[in-house]
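This briefing concerns the structure shown below. It covers the interface between the chains, a helix packing, salt bridges and backbone geometry.

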Amino acid sequence: MDCYTANWNPLGDSAFYRKYELYSMDWDLKEELRDCLVAAAPYGGPIALLRNPWRKEKAASVRPVLDIYSASGMPLASLLWKSGPVVSLGWSAEEELLCVQEDGAVLVYGLHGDFRRHFSMGNEVLQNRVLDARIFHTEFGSGVAILTGAHRFTLSANVGDLKLRRMPEVPGLQSVPSCWTVLCQDRVAHILLAVGPDLYLLDHAACSAVTPPGLAPGVSSFLQMAVSFTYRHLALFTDTGYIWMGTASLKEKLCEFNCNIRAAPKQMVWCSRPRSKERAVVVAWERRLMVVGDAPESIQYKQLTIQVLLDRLVLRRLYPLAIQICEYLRLPEVQGVSRILAHWACYKVQQKDVSDEDVARAINQKLGDTPGVSYSDIAARAYGCGRTELAIKLLEYEPRSGEQVPLLLKMKRSKLALSKAIESGDTDLVFTVLLHLKNELNRGDFFMTLRNQPMALSLYRQFCKHQELETLKDLYNQDDNHQELGSFHIRASYAAEERIEGRVAALQTAADAFYKAKNEFAAKATEDQMRLLRLQRRLEDELGGQFLDLSLHDTVTTLILGGHNKRAEQLARDFRIPDKRLWWLKLTALADLEDWEELEKFSKSKKSPIGYLPFVEICIKQHNKYEAKKYASRVSPEQKVKALLLVGDVAQAADVAIEHRNEAELSLVLSHCTGATDGATADKIQRARAQAQKK
Amino acid sequence: RPGFTMLARLLPGKKDLFIEADLMSPLDRIASVSILKQHEVDKLYKVENKPALSSNEQLCFLVRPRIKNMRYIASLVNADKVAGRTRKYKVIFSPQKFYACEMVLEEEGIYGDVSCDEWAFSLLPLDVDLLSMELPEFFRDYFLEGDQRWINTVAQALHLLSALYGPFPNCYGIGRCAKMAYELWRKLEEEEDGETKGRRPEIGHIFLLDRDVDFVTALCSQVVYEGLVDDTFRIKCGSVDFGPEVTSSDKSLKVLLNAEDKVFHEIRNEHFSNVFGFLSQKARNLQAQYDRRRGMDIKQMKNFVSQELKGLKQEHRLLSLHIGACESIMKKKTKQDFQELIKTEHALLEGFNIRESTSYIEEHIDRQVSPIESLRLMCLLSITENGLIPKDYRSLKTQYLQSYGPEHMLTFSNLRRAGLLTEQGPGDTLTAVESKVSKLVTDKAAGKITDAFSSLAKRSNFRAISKKLNLIPRVDGEYDLKVPRDMAYVFSGAYVPLSCRIIEQVLERRSWQGLDEVVRLLNCGDFAFTDMTKEDKASSESLRLILVVFLGGCTFSEISALRFLGREKGYRFIFLTTAVTNSARLMEAMSEVKA
C-alpha cells in the first residue's frame, strides 16, 4: 500500500496533499511572468499574456506582444500591440479578451486574436487616466470597473450592453485605496475599497462606511481583499497579519486567522475543489503559500453545462471534436451536430480568400439538409461580412422559401424576395414584399413586376378593390385589360356615382372599354342600360313613383300595374322585348291586378306564344277557377289533361287521356282520382288500360 | 374546446361583441349566448355597414381578416374620436391576422387605438364524419379572384389532422389548389419533422379535390333528404331553422342535424321519394310502442315511464319535425314544377333535347322564377355542353339582364372567368383538328397537342368525361331508389356524381394509372398526383379510413354518395371541406349584388 501514499505530503497536522502533473504546458515562455500582464479565463478557458505592457518605445522589437494560449499552453494567437499602454487584461464570459488601456479605451479581441470592437469608459478617464481596472463576471455578463487618476470609480456591469456608471465620490479620498474589489449584491455591482483603517462601500447612489463584524482591533490598513467567485464571501488581509473571512454582505464573520506575516501578500484568492463543500482562501507571498480553510461551504459550484462546453469548443474552432462529443453523447441533432455545423458555416463565410462558389459549395456539401440548420442564418452572417452574393447563393439552399424573404428584403433584392414569398405560399408574406416593392420601385416598374407574378397580382388587386380603387383602374389600364376596365366602370355606375349624369357617363366609359375589348355584347348591353336609365329618370319625372334601378322587365311590369299600358307597349318595342317575355310579363301583371277582363282581351289579341296553360295556371294561383275554365278549352292537346286537372275536371281529363292513349297521362289522372266522386272515372281508366293491354 | 380559446381572447370586463355574419353560426356552435353572457359580453352585434349604437366602454370584434371589416371598425373608432369618446377596442381575427388588415388600420389612423389578436380556429366538427373549415369565401376568393390566402389555412388544418391521426400513407389529389395545399402541408410536416415520425397512421388515405374539377355535381338539384333540406331551408353549421310551416306552431325552431338525431340519421342519405314512406312506417312503429302501455300492469308501466317514455317522446318530436319538413318541401317543390326541373337537369346531364332544355331555361328567365336558379341552369347547360353556342350565349344573357337587372353583366363576367358560363369559341373548332390529329399520332403526343389547345380555351369536356367514366348509368327498367345499386341514386339514378366517381376510381387503382385521359379532359394534366409513403406501417384497418378534402366546398349529395360507396366497399369516409355548399351558394358567390 505504501506506493499509493508515497507521494502524499503532510499539510499541517491533519491534512495531506499531493502534487501531480495533469499535463505539461506546451508553451515556451521565455520571459518572466512578472513582466507580463496575465489573464486566465474562467472554467479552464484561454490564457492571455501581454509582454512589456508599459513599454512606450516605438521600436518593434520591444513593443508589447499579446499572446493567447489555450489552458494547456497551446499558442492560439500572437500579435504586436500597437495600441496604447494597457492597465489590465480580462476575459469576458463569452471568452472575449478585454484590454483596458490607460486612456480608458477597452479593446475587445476574440479567442484567436481577432479584433472585435472597442469602447471607451468615458471622457473623464481620458484626462485622468486609468490607474487600475478589474474585469468581473455577474449573472448579467461581464463588467469592467476602473479607478481613475482622480480617485473616482466608473463601472459598466455588462460590456455587451454598455451603460457606464460613474460611482459617487469617496469623501476625503486623497490617495489610491490600498485595495479594492467589485462586489455583486442583489443584482447590483458595488465597489468595496479600503482607505487606511476604513472600509467604504460604493453603490451608484452613495458611499457608506462599513465595518466587518468581529474584526480584531488594531488594524491601521487593509493590504489585500478577495471576493469569492460567487460573490458570497469576502476575505480581508490586514497590516497586522490577520485574515478576516466572512460573508460579502459584511454581516457575518465565518472565521479569522492570524498568520503573523505582516508583509502584503502578492495575491489572495478564494478556492474550492469542484463539488467540495470546503472553501478556503489561498494567500501567496514571494516564497510562501498559505491555505486558510474553514467549515463546509453550503453552496455548490455550478457546473459547466454541456451546451456551454460545446459553445467553448465551437469558439475554439474545434468543430470535429465538438461533433464527436455530440455524437458520443447522442445529443439530438438540432441541439448538437446541426448547431455545430451551423457555427462552422458561419465561420466559413468569413474566409474572405475563398470564392463565393467554393464557400457555398463547401457549406452545402457538409451541411446538406441537416435538420435544424438554418441556411438563412448563415446567409445573414455572410451578408454581415459584406458578401451579398454569397448570401444569395446560400439562401438558395434554404428549403423554407419564407425564411429567405426577410434577408432578401434587407439586401434589397426585393424582386427575388417576391418570387420566394410566392413560393412559400404564404400570402401574407407576399403582401409584405409587395408593399416593400411598391415603395422601392416607381409605379411603372412595380406594375411590370406584378404583371409577371399572377399570384401577387391577384392579391394586390383584391387589396386595391377595397382600399385603392384608383390604383385598380391603373392596373387594368397598364395591362390594356379593357374587359375589366369596363366591369370597373359598370360597378362605378351604381356603386360610386349617384347623380344620373355621372352614372350615364360611367356607363359610357364602360361601353367604350367594352368596344375596345371587342366585347360587342357587353358594349351594346351597356348602351341599352344607359337608355333605360335615362328613360327611367323621365318616367319618374312624368309619372312619379320609383323606376330607377329596376330591371327592364320590372320597369314594364310597373308601368302595367300603374295602368300605363301604352307606355309599356312603347318600352317593349323600343327595347325589343321578345314576345314570349312580354306575354309572361303581361299575364302575371294583369293577374296580379285581377283585371280578368283585360286578361281575356289580351289572350285574344293574337295567338299566345306561350300557349294557354300558363293562363289556366295563373288563374288557379289567384283562386279563380271560373276564369281558369275559360282558358282550359284553348290549351293545346298535349297540355290539355294537365289543364283540365288544374280546373278540377277529372272526368274530362280522363276522357282526353283515354283518347290520347297516353299511359303517363292516364296515371296522372288516376293519381288525381280521390274519394267516391271519382270512383267511376278511376274504373273507366282501369278499363281503358286493360283494353290497351289486350291490344 | 375551441370556444374557450376564443373567450380567452375577449377583453376582460363588460363589453359588447361585434361578430361577422359568417362567424355567427360557428361561434354559436361552440359558445352559446349564455356562455358569452357569463363572460360579460353585454350585447351582440352583427358586423354590417351600419353605425353601431353600442354604449359600452369596451368593444370586441370577431371578424375574418378582410379589408371591408377593417374599414367598418375604422369608421366606428373614428366616429368615437370625432365625438371625443374614448373606448377600448379589440379586434380578434379568425383564423389569422393578415398584414393587409393591419395596414388598413394604420392607413385609417386607428392602429394605435385597437389591439389585435388571432383566434386560430380552423376545424369545426359538424358530425361524426364531417369536418368543416367554415370558410365559404374560399370558393370565391380562390376560384374567382385567384386569391390564394386560404390555401395555407388548409395546409395548417391538414397539419393539425396529421398531428392528431398520424401520417397519411397514401395521398391523392386533383386540381391546382389541391396540389398547392398538399405541397404546403408537406413542407410544414418536413419543418416539424419528428412529431409524426414513427407514429402509426390512423387514416390510410387522403384525397384532395378542387371544386372546379367537378362543378356539375354541385350545380344539380339535390334529391337526397339532407341535401334537399339544405337546398330548401339552408343548413348552417350543421343546424337548420325550421319555420312555423314545419313546426306547425307559431315558433321557429333551431334543430341540430347530425348522427345524434336518430330519425334524421336514418333518412339523411335516402332519396326523397323514400323518406315519406319511411317516416310513416316509423310513426306506426312509434304508435305501437305507445300502445304497449295498454296491457301493462303497474310495475311494467313504471318501467315504461321511467325508461322508455322519454326516448319515445324525443323520437316523436323529431319525427313530427321531419314530417313537417317533408310536407313543406313537397309543397314548395310541386309549386315550382320540380319534376319539370329535374327532367331538364337530367336531359342536360345526358345531353339530349338540348333545344328543349334551352327553351325551358329561357322560359325560366322570362318568368323571373328565381335569379339564382336561372343562373344555375345556364351554368349547367354551359358546362355539360362545353360552353353555349354563341347565339344562345347572347340571347340567354340578354334575357337574364332584362329580367334581373344590368348589374349581372358583372355576374356573367365572373362566371366566365371561373369557367362556369362560357361561349363555345374558336377553341372548339380545334376539336375537329384535334380528333384528326389523335388518329394520326400516338395517344401521348395527341395529349400534348391537346394540352396546348386547352390552354387556349379551357373546356369542361363533360360529355367526354361522362362517357369515359360511365357517369350516366344505362337504364334497364326502373331504377329502384329504395335499394340503390350505385352512387347515381343520389340523383334519382340518372347521374353518378363526377367527383365521387373519380375518388372511387382512384381508390380502386390506388393511383391515377389508366385515368390519364380523364385527367387530361379535366384540364388537370399537371395537377393530378399520388404520393405513397410508409405503407408498411399502416394497419389494414387504417387503410379502410379515407379522408376526403374538398377545396371550395362539397355538397350533402356528394357526402351521401360516398357514404354509400363506403358501405358497399367497406371503406369509411371522413370529410373535410372548406364549407358545405350547394348550387345556390355557388351561384350567390359568383353573383354581383348591388349594395
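**Interface of chain A and chain B**

In this predicted model, 46 residues of chain A are in contact with 46 residues of chain B. Between them, the two chains bury about 3,900 Å², and carbon and sulfur atoms account for 53% of that area. The points below begin with the pairs that cross this interface and then turn to features within each chain.

**Pairs across the interface**

- The rule finds four salt bridges across the interface of chain A and chain B.
- Arg417(B) and Glu484(A) form a salt bridge, in which the closest N and O atoms are 3.2 Å apart.
- Polar contacts between chain A and chain B come to 21 residue pairs, with both residues at pLDDT 80 or more.

**The side of chain A that touches chain B**

- The elements of chain A that give two or more residues to this side are α10 (414-424), α11 (427-440), α13 (454-467), α15 (482-495), α17 (520-543), α18 (552-561) and α20 (579-593).
- Of the elements on the side of chain A that touches chain B, α13(A) gives the most, with eight residues.
- By residue class, the side of chain A that touches chain B divides into 16 nonpolar, 15 polar and 15 charged residues.

**Helix packing in chain A**

- Helix α4 (residues 319-329) of chain A packs with helix α5 (residues 337-348) of chain A at an angle of about 170°, and their axes are 9 Å apart.
- Angles over 145 degrees count as roughly antiparallel, and α4(A) and α5(A) are therefore roughly antiparallel to each other.
- On α4(A), the contact is made by Tyr319(A), Ala322(A), Ile323(A), Cys326(A) and Glu327(A); on α5(A), it is made by Val337(A), Ile340(A), Leu341(A), His343(A), Trp344(A) and Tyr347(A).
- The residues of the contact of α4(A) with α5(A) comprise nine nonpolar, one polar and one charged.

**Salt bridges over all chains**

- Over all chains, the structure holds 74 salt bridges.
- One of these joins Glu569(A) to Lys586(A), with the closest N and O atoms 2.4 Å apart.
- Glu569(A) lies in helix α19 (residues 565-574) of chain A and Lys586(A) in helix α20 of chain A, so this pair ties together parts that are 17 residues apart in sequence.

**Backbone geometry**

- Most peptide bonds are trans, and most residues other than glycine have a negative phi.
- Ser94(B) and Pro95(B) are joined by a cis peptide bond, with omega about -5°.
- Pro95(B) is located in the loop between β4 (88-93) and α5 (99-107) of chain B.
- Glu95(A), a residue other than glycine, has a positive phi near 60°.
- The loop between β7 (86-91) and β8 (97-101) of chain A contains Glu95(A).

Methods. Residues numbered from 1 in each chain as written. Chains lettered and ligands numbered in written order. Predicted model: local features only at pLDDT ≥ 70, side-chain atom pairs only at ≥ 80, totals over all residues. Heavy atoms only, no water. Contact = heavy atoms within 4.5 Å. Buried area = accessible area lost by both parts, 1.4 Å probe. Salt bridge = Lys/Arg side-chain N within 4 Å of Asp/Glu carboxyl O. Polar contact = N/O pair within 3.5 Å; in protein donor to acceptor, adjacent residues only side chain to side chain. Helix = DSSP H or I, 4+ residues; strand = E, 2+ residues; numbered from the N terminus. Nonpolar A, V, L, I, M, F, W, Y, C, P; charged D, E, K, R; others polar. Axes fitted to C-alpha atoms, helices over the stretch in contact; angles between N-to-C directions. Parallel < 35°, antiparallel > 145°, perpendicular 65-115°, else oblique.
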